[in-house]
Amino acid sequence: QNVPNIDVDAAYRAYLEKAIASEDRTAFSLASMEFLAAFKNSHTLFIDMALAQKGGVLPFIAQSIHGQWVVTESMSPGLNAGDVIEAMDGRPFAKFVEDSSRVISSSTEEGGRHLLFARMSIVTPYAHLFPEQFVLTLAGGKKVAIDRRKLQAASLATEGRWLEPGKVAYIRIHSFLGGDFEKRAVELAKEYRQAQAIIVDVRGEPGGSTPSDLISFLMDRPSQSWTESTPVEMPYFRFRAGQGKWEYQPLAHPSLIWSRPVQQPTKDVFTGKLAILTDAGCYSACEDFVMPFKLNHRALIVGETTGGSSGNADMIDLGQGMMVMVGVQRVSFPDGSQLDGVGIKPDVEVGPTVEDLRSGKDTVLEAARQQLSR
């Protein structure tokens, strides 16, 4: 349902030809990834854990800024935030990203660009698309040789600090996979409970489990969650609709739809000002976190529109470390407007600039601080 411009049967037949002709595991897995990526849903994908684990560590994170691919974070010597990447091994870097996008399951184009560099607690899902060794050509002609075999994974631990002692605190959450990340975020939030304002940074957070405890501690007013739906299979009605019977058309693809009750705030919560930093790399459980604060104006959302994909997936273990996930649930805002392929728009839309990255300035964070001081 709601998959644009795809003939599923034809796509599957084409996939079978490619998969059966695959000469090795990598080719088979890439063909499988490409088939499911065509459904344009971040919760519908093929995972080969052996391939993902083999991918290792990415040396940098880059973002498309005004048509240029710009380094936003780097763990590689000689490569710095603000560097503009023109080519990888002589191939235009934009072309590499474009070709990679065909195997990345993403609900939005911008979200797919972020997922290419996504980091999770166990693996970096798409690192295997990069060579182990390569040479980047930067604007101005500088070349940087990268050897990923010599890199160590960056820490993803939840971190916090005072931006203004006793007044403004900052909490950075890289992941909601497993409970430790959220647990530490709650501990930090309670440590900063006397602050005038807390800024929670979930940029690039690709999902996991909905951080209910963190939401509860930061929410000081009644809040509402998603309206959820899932398809209902009624073969007879679908068959009759397929015959052109007009009276069965509304039941060709029926769904169950339900809403959760309004949640009342708990006692002993944080009541100061709140801002949340987002971008297109914020998916799934990250959007579960952002949405109630956006909906009831509890927090100021600053940054870029989120990735636009939240919901559960049916996990099918194929053995040999391979797994298929198929999205079985759609969510929408209580007013019926959809999230999938759209995302959550920030209250204050702002993104990084090349100049600010080079100078070490976090444009989005500074924008949030300025708004909170008003």
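This is a predicted model: local features need pLDDT of at least 70, side-chain atom pairs count only at pLDDT 80 or more; totals for chains, interfaces and linings use all residues.
View 1. Of the 374 residues, 48% count as buried. The accessible surface comes to about 18600 Å², and carbon and sulfur atoms account for 51% of that area.

**View 2. Glu 34 and Arg 102 meet through their side chains in a salt bridge, at 3.0 Å from N to O.** Glu 34 belongs to helix α2 (residues 25–37), while Arg 102 sits in the loop between α4 (93–100) and α5 (109–115), so this pair ties together parts that are 68 residues apart in sequence. Are the two partners buried, exposed or partly exposed? Glu 34 is partly exposed because its relative accessible area is 24%, and Arg 102 is partly exposed too, at 45% relative accessibility. For context, a search of the whole structure finds 23 salt bridges.

**View 3. Arg 203 forms salt bridges with Asp 201 and with Asp 362.** In the pair with Asp 201, the closest N and O atoms are 2.7 Å apart. Both Asp 201 and Arg 203 are buried. The side chains of Asp 362 and Arg 203 also come to 2.7 Å, N to O. This second pair links distant parts of the chain: Asp 362 is in the loop between α10 (354–359) and α11 (363–372), Arg 203 is in the loop between β10 (197–201) and α7, and the two are 159 residues apart. Asp 362 counts as partly exposed because its relative accessibility is 25%, whereas Arg 203, at 16%, counts as buried. Through shared partners, salt bridges join Arg 172, Asp 201, Arg 203 and Asp 362 into one network.

**View 4. Asp 220 makes side-chain polar contacts with Arg 221 and Arg 298.** The contact with Arg 221 is 2.8 Å, and the one with Arg 298 is 3.2 Å. Where is Asp 220 placed in the chain? Look for Asp 220 in the loop between α7 (212–218) and β11 (227–231). Asp 220 counts as partly exposed, since its relative accessibility is 25%. Leaving aside neighbours within four places in sequence, Asp 220 is in contact with Pro 265, Val 269, Phe 270, Thr 271 and Arg 298. For Pro 265, which lies 45 residues from Asp 220 along the chain, the C-alpha separation is 5.5 Å.

**View 5. Ile 316, Leu 318, Val 326 and Val 328 make a nonpolar surface patch.** The patch has an area of about 280 Å². One of its members, Val 326, is in strand β16 (residues 322–327). Val 326 is partly exposed, as its relative accessible area is 31%.

Methods. Residues are numbered from 1 along each chain as its sequence is written. Side-chain values use heavy atoms; hydrogens and water are left out. Patches are made of residues with over 30% relative accessible area and no salt bridge: like charges are joined within 9 Å, nonpolar side chains (Val, Leu, Ile, Met, Phe, Trp, Tyr) within 5 Å. Accessible areas come from the Shrake-Rupley method with a 1.4 Å probe; for residues, only the protein chains shown count as cover. A salt bridge is a side-chain nitrogen of Lys or Arg within 4 Å of a carboxyl oxygen of Asp or Glu. Helices (H or I, at least four residues) and strands (E, at least two) are DSSP runs, numbered from the N terminus. Buried means under 20% relative accessible area, exposed over 50%, partly exposed in between (1.4 Å probe, protein chains only). Contact means heavy atoms within 4.5 Å. A polar contact is a pair of N or O atoms within 3.5 Å; within protein, one must be able to donate a hydrogen and the other to accept it, and residues adjacent in sequence count only if both atoms are side-chain atoms.
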